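The following account concerns a protein model and the ligands placed in it. It takes the ligands one after the other and describes their surroundings.

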Amino acid sequence: MCANKKSSAYEPLNENGAIALAKKLQLFEENSQLTCNEIGDGNLNLVFKVKNIESGESIIIKQALPYAKVVGESWPLTLDRSRIETNALLKQAEFVPQYVPRVFYSDEALAITIMEDLSHLQIARAALIEGNDLPLLSQHIGEFLAKTLFYTSDYGLNQHYKKTLVKQFINPDLCKITEDLVFTDPFFNHNTNDYEQELQQDVEKIWEDQTLKLETAKLKQLFLTKAEALVHGDLHTGSIFADENETKVIDPEFAYFGPIGFDVGQVFANLLFNVLARNPEHQGVIYNHIETTWDVFVTEFSNAWNKDALEIFAKVDGYLEHVLTEIFEEAVGFAGCEIIRRTIGLAHVADLDTIEPFERRIATKQVALSLGSELIKNRKSITSPQQFKEYVKQTAVSVN
Ligand SMILES: Nc1ncnc2c1ncn2[C@@H]1O[C@H](COP(=O)(O)OP(=O)(O)O)[C@@H](O)[C@H]1O
Ligand SMILES: CSC[C@H]1O[C@H](OP(=O)(O)O)[C@H](O)[C@@H]1O
């Protein structure tokens, strides 16, 4: 099966429609007995799993709705995100086929991507919450980040061709969601915000902190303007399937040409949520994941740079180090924004929301807010992932 595109009129699928489509496209052997379930638990799209009862073979049909599923028809949203998702998966597969689902078919008009079923793996967020530590997660994600980001950047890609890709991945509606939900609304008294009343004072502290707002404005400006590489754009642990051996990154519908540090920072932040949710004796393994993600990223990015850089200045002493230092600094700041928005903004994370008892949940969210603010404001003086540990400790002491 291979990806292709053809035109048909848009209509949202239901389970029978998904089976009919799979049959029409001859994705299973003739006369196969097929079942289908809608399994989407994300904020935006429909996800159908179609399975051959006898052979057990299955595929995933993901379809965009003309609105954001989590809010409903009052929040219209472009179907073009499906084209972006398919093309991002195909582009990433050029560099790291082992870390993305195979795409079998796509149809822009129907806004569908048909891909490999990854149900044998577990969503990394759920696995980490359960205490399943996914030993290869950070090794794989570090390599995924380094290769997808280096080879789509001006360092590793023909700079003229890169501009045609920038055009192909213009993604204004999904970027607007991030500009609002990650970089704006949580820092103001906005009606999309969602937090427990026990956090009111901590939230107001954020709204009143002018230094924090200034630094967030600078990070938002980077997100708006720094077309450094084709970023995934929503690389949280809910967008990663994994087990002890395998890792697959899904859901790149927010992909666009943005700052490399954005993807790296979202990975840091989402691992930090898991750190915060754990008892201290179980945190070490997740801190190690953060360090390994960065170490592998640096190693793989540097190898790719030394082997394949097309930028003539790449061989100038100090240039690679400068780029890596800037990526880390920006990643720390972006991680801070992600931490704040997932704590008090529209879209939360289960790591924090499932903490029991309630008092511990609130105390942990207070630490998260303080940590997020510190990462944004102090990102220039945080130069290694080992410092996250100090910052978590320091903010925990200052909050409690
Ligand atoms: N390739 C896949 N294989 C198996 N399950 C999948 C696959 N893609 C998505 N899913 C399931 O659907 C859920 C939502 O998918 P996701 O791509 O995150 O949707 P959304 O864009 O709405 O966030 C995932 O959490 C996972 O349970
Ligand atoms: C109304 S979109 C909110 C939020 O949802 C997206 O995540 P996902 O599609 O993985 O559920 C993205 O993080 C958006 O910011």
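A residue is near a molecule if one of its heavy atoms lies within 4 Å of it. The model discussed here is predicted. Around ligand 1 there are 19 residues, of which D41, N45, K62, L118 and E253 come nearest. By class, this shell consists of nine nonpolar, four polar and six charged residues.

Polar contacts to ligand 1 involve both side chains and backbone. An N or O atom in the side chain of D41 is 2.7 Å from an oxygen atom of ligand 1, and a polar backbone atom of L44 is 3.2 Å from an oxygen atom of the ligand. A nitrogen atom of ligand 1 lies 2.8 Å from a backbone N or O atom of L118. Of the 550 Å² of accessible area that ligand 1 has on its own, the protein covers 92%. Strand 2 (45-52), strand 3 (58-64) and strand 7 (112-116) are the elements that give two or more residues to its shell. Because domain 1 (8-116) and domain 2 (122-399) both contribute residues to that shell, ligand 1 lies between them.

Ligand 2 has 16 residues around it, with N43, D234, H236, D251 and R341 coming nearest. An oxygen atom of ligand 2 lies 2.7 Å from a polar side-chain atom of N43; for R341, an N or O atom in the side chain is 2.8 Å from an oxygen atom of the ligand. The protein covers 95% of the 400 Å² of accessible area that ligand 2 has on its own. Helix 6 (172-181) and helix 11 (319-344) each supply at least two residues of the shell. Ligand 2 lies between domain 1 (8-116) and domain 2 (122-399), because both give residues to its shell.

Technical notes:
Residues numbered from 1 in each chain as written. Chains lettered and ligands numbered in written order. Predicted model: local features only at pLDDT ≥ 70, side-chain atom pairs only at ≥ 80, totals over all residues. Heavy atoms only, no water. Polar contact = N/O pair within 3.5 Å; in protein donor to acceptor, adjacent residues only side chain to side chain. Areas by Shrake-Rupley, 256 points an atom, 1.4 Å probe, with all protein chains shown as cover. Helix = DSSP H or I, 4+ residues; strand = E, 2+ residues; numbered from the N terminus. Nonpolar A, V, L, I, M, F, W, Y, C, P; charged D, E, K, R; others polar. Domains from an automatic or database assignment.
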